[in-house]
Amino acid sequence: MPLRVDILTLFPEMFGPVLGGSILRRAADKGLADYHLTNIRDYATDAHKSVDDKPFGGGPGMVMMAPVVCDAVADVEPKDARPATRILLTPQGRLFDQQLAQELSHHPRLLLIAGHYEGFDERIIEGLRPLELSIGDYVLTGGELPAMVVVDAVVRLLPGALGAEEGAADETFADGLLEHPQYTRPRDFRGSAVPDVLLSGNHAAIAKWRLEQRKERTRQRRPDLWKTIVERNDAKI
Ligand code: 9D3
């Protein structure tokens, strides 16, 4: 069974180019995933098709209305028998990471809700009990790009989603270390040469050099990652 991905959004047209391009498209073509977009505005009930309103108690911005979002979810979920893991994209959410992407790739169905306003009425969260996710500590204009990030990170992990070469490359870097420096033609670029070891043909020496580069880069640039790698010590550091 393919992973079913439902995306509820006010801007379904934003998703077309991303879901229709590259690896995500290929995964759908291979029957590994299918994507279902729902326009939340279709569930507005008043003449103005309102989906948001001013916050009670005052304050800036607009708040997504509970009935519209909850009705959309109640209508979409029965379209497939499999239980959906509900995900709400919000700056208040748990930080999305590779481990969670891995976990979600084993779920049968994801239902992502992306908002484009200051926030969601709290009763949406109470009623749906979704997994609340953020993709990082920076301010975006809505949850649509974060939803695409989650779908991209999860779908590429489905068995068969990557080409053989891409898949093999992924295994090599599953240890959490950053990548080593890469070089291609020309051997000399504006007086900067490719390291000799990479031209030596000595595969053991190349592997050793690359692993050292990866460790040093991770230590220098991502002490946070380095700490957890050393603690687990499963990269045989
Ligand atoms: C003024 C308070 N703002 C919080 C910092 C309100 C606010 C900002 C941006 C409310 C919503 C948004 C839109 N962002 C998202 O919906 C969002 C998001 C993000 O901005 N950064 C990282 N992850 C995410 S997930 C959803």
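Modeller: Asp80 sits in the loop that runs between helix 3 (66-76) and strand 5. Helices (H or I, at least four residues) and strands (E, at least two) are DSSP runs, numbered from the N terminus. The model is predicted, so local features need pLDDT of at least 70 and side-chain atom pairs count only at pLDDT 80 or more, while totals for chains, interfaces and linings use all residues. Residues are numbered from 1 along each chain as its sequence is written, and side-chain values use heavy atoms, with hydrogens and water left out.

A polar side-chain atom of Asp80 is 2.8 Å from the backbone nitrogen of Arg82. Neighbours within four places in sequence aside, Asp80 is in contact (heavy atoms within 4.5 Å) with Arg4 and Arg109.

The shell has 16 residues, of which Glu118, Ile135, Gly136, Tyr138 and Leu140 come nearest; a residue counts as near if one of its heavy atoms lies within 4 Å. By class the shell holds 9 nonpolar, 6 polar and 1 charged residues. Here Ala, Val, Leu, Ile, Met, Phe, Trp, Tyr, Cys and Pro are nonpolar, Asp, Glu, Lys and Arg are charged, and the others, Gly among them, are polar.

A backbone N or O atom of Tyr138 is 2.8 Å from a ligand nitrogen, and one of Leu140 is 2.9 Å from a ligand oxygen. A polar backbone atom of Gly143 lies 3.3 Å from an oxygen atom of the ligand. The protein covers 75% of the 580 Å² of accessible area (Shrake-Rupley, 1.4 Å probe) that the ligand has on its own.

Conventions
Polar contact = N/O pair within 3.5 Å; in protein donor to acceptor, adjacent residues only side chain to side chain.
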